[in-house]
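The model and its sequence are shown next.

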Amino acid sequence: MSSLNLAQAPSRTTAAIDLQQKRKRNTKKRIMAALFYIGATTLVLVWLIPVFIAVFTAGKSMNELMSTPHMWSIPQEWTWDNFAAAWTRAGMSRYMFNSFMITVPSVVGTLAIASLGAFALAFYRFKLNHTILIVFVAGMLIPFQMLMIPVFRMSDSLGLINTYRGVSLFHISFQLGFCVYFLRNFLRTLPFSLIEATRMDGARDLTIFFRIIMPLALPSLAALAVLEFTWIWNDLLWSLVLLNQNRVMTVTQGLANMQGQFITNYNIIAAGSILAAIPPLIVFLLFQRFFISGLTVGAEKG
């Protein structure tokens, strides 16, 4: 009996050591998870500081704003009249309408043309395939500031100054390179046998494009739609170059024009900035379930 107990003693000791090591690993995992969440929460709060300052500024009256040395302090008396003033008196309603009239056609046009170009570069076999792709990528490397004067002169000669279509056309042309490259990388992850099998069944290329490729490319298209909407909505450069009349100015121009020469109503500007941030936020929330998956899948294969 005593010999049996002596034989079981090492196994019990080993089990105790394994249990202790497992507890240590679990404790380490909990500590690492806690540190991760604390760090992530801290980063989010730091990133939200400008948002909090904008909300606090928009909730203050001009008298309180000028008498308070700290812009980040909570308003003593909340007032929401600044949002109404920004919407009506500052003209944010008109500016946001103009931005929608430019952004929506630009996003739709960019995705439509880029998807066709990406389909051709991904599945057609022709001699200049990679050369055309390199041209698209090289176009993204050109600083937009170098093109300001040529774009203005060409737009002026074509009668596109102070028009929605003029700004939309240039947004489409300048965003095509990135969108074609992004979608082409995604389409290259699809098996080519899928296209060949559909062609053997008698389907034409447009049928394959609309019935097979577009449904599969929906996550990438949604991710691109969010990115393009945000970039074009927040653009100021081409609006300054191509729009100089108040009736067609975008929301970014409207916010820039709210700054006065001698005094600036920062509370109204803050309220206008919050109003301008709402449409991109809504677009992101609508497409968020496609956003991460679309970006990840589209970058898997070059």
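## Largest pocket

In this predicted model, the lining of the largest pocket has 16 nonpolar residues, four polar ones and no charged ones. Here Ala, Val, Leu, Ile, Met, Phe, Trp, Tyr, Cys and Pro count as nonpolar, Asp, Glu, Lys and Arg as charged, and the others, Gly among them, as polar. The pocket holds about 590 Å³ of space. Of its 20 lining residues, Trp-47, Val-51, Ala-277, Ile-278 and Leu-281 are the closest to the centre. Two or more lining residues come from each of helix H1 (2-58), helix H10 (218-233), helix H12 (251-257) and H13. H13 gives the largest share, eight residues.

Pockets and cavities are both found on a 1 Å grid over the protein atoms alone. A cavity is a set of points where a 1.4 Å probe fits but cannot get out, whereas a pocket is an open set with protein on both sides within 12 Å along at least five of seven lines; lining residues have an atom within 4 Å of a point. Grid points are joined across faces, edges and corners, and a volume is the space filled by probe spheres set on the points.

## Cavity

Rolling a probe the size of a water molecule over the atoms shows where empty space is left. The structure holds one cavity of 30 Å³ or more, and the largest cavity has a volume of about 50 Å³. Its lining is made by Ser-99, Ile-102, Thr-103, Val-167, His-171, Ile-232, Trp-233, Asp-235, Ser-239 and Thr-250. By class, four of these residues are nonpolar, five are polar and one is charged.

Helix H4 (92-123), H7 and H10 each supply at least two residues of this lining. The largest share, three residues, comes from H4.

## Fold and burial

The chain has 13 helices and zero strands. Helices (H or I, at least four residues) and strands (E, at least two) are DSSP runs, numbered from the N terminus. Of the 302 residues, 37% count as buried; buried means under 20% relative accessible area, exposed over 50%, and partly exposed in between (1.4 Å probe, protein chains only).

Val-226 is in helix H10 and counts as buried because its relative accessibility is 4%. The C-alpha atoms of Val-226 and Leu-285 are separated by 9.4 Å, and the two residues are 59 apart along the chain.

Asn-162 lies in the loop between helix H6 (148-158) and helix H7 (164-187). Its phi is near 60°, a positive value in a residue other than glycine. Asn-162 has a relative accessible area of 10%, so this residue is buried.

## Surface patch

Ile-278, Ile-282, Leu-286 and Phe-287 make a nonpolar surface patch of about 350 Å². Patches are made of residues with over 30% relative accessible area and no salt bridge; like charges are joined within 9 Å and nonpolar side chains (Val, Leu, Ile, Met, Phe, Trp, Tyr) within 5 Å. Accessible areas come from the Shrake-Rupley method with a 1.4 Å probe, and for residues only the protein chains shown count as cover.

## Salt bridge

Side chains of opposite charge can pair when their charged atoms come close. A search of the whole structure finds one salt bridge (a side-chain nitrogen of Lys or Arg within 4 Å of a carboxyl oxygen of Asp or Glu). Arg-199 forms a salt bridge with Asp-205, and the closest N and O atoms are 3.4 Å apart. Arg-199 is partly exposed at 31% relative accessibility, and Asp-205 is partly exposed at 29%.

## Basis of the values

Residues are numbered from 1 along each chain as its sequence is written, and side-chain values use heavy atoms, with hydrogens and water left out. In this predicted model, local features need pLDDT of at least 70 and side-chain atom pairs count only at pLDDT 80 or more, while totals for chains, interfaces and linings use all residues.
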